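Trainee: I should like to learn how to read the features of a protein model in order. Could we work through one together?

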Amino acid sequence: MSALPPGFISTRDVLDERLSGADVRRLELKYGNEELLYGLDVLGLAGPFSRVTPWELEDERGVRRINASGYAATPFGEMPPAITEFMHEFLRKNRAMGLPQQSTGPWRAALQANLVGLLARELPSHADSQVFFCSSGTEAIEGALKFAKAWRPKAKYQISFASGYHGKTLGSLSLTPNPEYQDIFRPLVPGALTSPYGDLDALTRLIRRVGADNVTCVVVEPIQGEGGVNIPPAGFLRGVGELCRRHGIPVIADEIQTGLGRTGHWFESAAQGLDADIVTLAKPLGGGMTAVGATIVRAPIYKKMLGGLSSKRHSNTFGGGALAMAVGLRSLEYLIENDLPARSAALGAEGLARLQAVQKRFPNLLEAVRGQGMLFALQFRPMVGVPLPGALKELVFEATAILALRELHQGGVMANLSLSSKRTVRLTPALDMPQDVFTTMFDRVEAFAQTHPSARHLLTSTPPQVTARLAAFAASKPKKRTPSDG
């Protein structure tokens, strides 16, 4: 066996933890997304972090924190035993083909059947729906857009909603109305239109203006995640479905963040009365261990794009691979066995009540809090309390959330930013987080608020050298900022 070339890093080096934290950061900064990692490093958020339990991580100094980050993609925490133990068993026993692209496969067959069965329990009209697998949420959306276009080939407009987020590949990005992420890539996919979220009358007027026959689809998040956990008014999603059904317009429910239990329901769109024609899933389906995306489509729409000799019109090299399907199957099973949607609803109500109490006590820190199930948002007051012009105001909004993220991290809670709601930090804890860890997490959030009773404390408590480095970094990397939440 040949030796590795000089300078190569072996699997054993990584597995035996021979790379120090400094080594990891140096290599990442040199060969990876340097700008992102530099910013995280300035804030003290870059890690690397190690798993202590599925719900707690520690840094190289041994400081433990409760992990409520992961953008809803770690439904059972880091390396959950229920999934990792199954993966070991799968690797020992599985004899099925690893990438059955041109053949049937037992793992794919089982997961397809279970997903359709699960959706049909909530929405019986989907009893004969079909599934297309991929490797990510944005790919699931891309597939959904192609299914809708094949169904209405002469239509030229796709409608999504302000503050929405559907991904960053070209089609999904076109329906993510955020100039900060869109502008450099223009021209995007033509025909993307935006309607105010939660305003059914505005959507009705838009469809009337462009003509219903010219609308390919309407794409909607049941709750906007990156928008800052925006929950639509009662009846909105039901109304979207009824409006589109009258005109024969397919509705795509983007359940990538909300689906499979996070909000306290199996499918948040169904819980709000929407019987969507296409449902996209991803994040929790991989159990935090592998990449799985799924597009569930009504049978006539599915066959219109992938019927007969056109069945290879859309494909995905790794979608449907045996390991990903097996993990997806076990993740779904674990969600059902532990009734995690119901647990999310119960813990979510408890967590939201605690956040509301904190916001009431510290209104100069928190302008608003929102939550549904195990999806929480903390919207901060701007840390500079005087009116500022557009670009500077948006920079202050973003800096407010970034410093809040840092201070929460210092206080023992790892959280998420929100790409389309600059002042909002989200908590997306594991759905099976133990009660004592969950309680401690909110104790720490409350302690953070007590030591930062107003938003200006986010700035004054940040070491001057950190503030200076962040300011220099922001000034050297100008970007178009998107008007956000007030």
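The dialogue below takes up helices, strands, sheets and cores in turn.

Mentor: This is a predicted model, in which local features need pLDDT of at least 70, side-chain atom pairs count only at pLDDT 80 or more, and totals for chains, interfaces and linings use all residues. Residues are numbered from 1 along each chain as its sequence is written, and side-chain values use heavy atoms, with hydrogens and water left out.

Trainee: What span should the 12 residues of helix 10 have, and what is the distance between its end C-alpha atoms?

Mentor: Helices (H or I, at least four residues) and strands (E, at least two) are DSSP runs, numbered from the N terminus. The expected span of a helix is 1.5 Å times one less than its number of residues. For helix 10 (residues 236–247) the expectation is therefore 16 Å, and the end C-alpha atoms lie 17 Å apart, which agrees. Just after helix 10, Gly248 adopts a positive phi of about 70°.

Trainee: Which residues of helix 10 are buried, and what covers them?

Mentor: Buried means under 20% relative accessible area, exposed over 50%, and partly exposed in between (1.4 Å probe, protein chains only). In helix 10 the buried residues are Phe236, Leu237, Gly239, Val240, Gly241, Leu243 and Cys244. Their cover includes strand 5 (157–161), strand 7 (215–220), strand 8 (251–254), helix 9 (200–210) and helix 11 (268–271), where contact means heavy atoms within 4.5 Å.

Trainee: Why does Ser172 count as buried?

Mentor: Ser172 counts as buried because its relative accessibility is 0%. Ser172 belongs to helix 7 (residues 170–174). Its side chain forms a polar contact of 2.6 Å with that of Thr138. A polar contact is a pair of N or O atoms within 3.5 Å; within protein, one must be able to donate a hydrogen and the other to accept it, and residues adjacent in sequence count only if both atoms are side-chain atoms.

Trainee: How should I read the two faces of a strand?

Mentor: In a regular strand the side chains alternate between the two faces of the sheet. In strand 9 (residues 278–281), Ile278 and Thr280 are buried on one side, and Val279 and Leu281 are buried on the other.

Trainee: Which strands pair with strand 9, and in what sense?

Mentor: Two strands pair if DSSP finds at least two bridges between them. Strand 8 and strand 9 are parallel, with 3 bridges, and Ala253 stands opposite Val279. Strand 9 and strand 10 run antiparallel, with 4 bridges; here Val279 stands opposite Ile296. Strand 10 (residues 293–297) also runs antiparallel to strand 4 (residues 130–134) over 5 bridges, with Val131 opposite Ile296.

Trainee: What is the strand order of the open sheet of 4 strands?

Mentor: The order is 11-12-15-14, with antiparallel pairing. Strand 11 (366–371) and strand 14 (416–417) are the edge strands, each pairing on one side only. Between strand 12 (residues 376–380) and strand 15 (residues 424–427) there are 4 bridges, and Phe376 stands opposite Leu427.

Trainee: Which residues have the most contacts inside the largest nonpolar core?

Mentor: A nonpolar core is a set of buried Ala, Val, Leu, Ile, Met, Phe, Trp, Tyr and Cys residues joined through side-chain atoms within 4.5 Å. The largest has 94 residues, and those with the most contacts inside it are Leu115, Leu260, Phe267, Phe380 and Leu427. A second, separate core of 19 residues includes Ile252, Ile278, Val297 and Met305.
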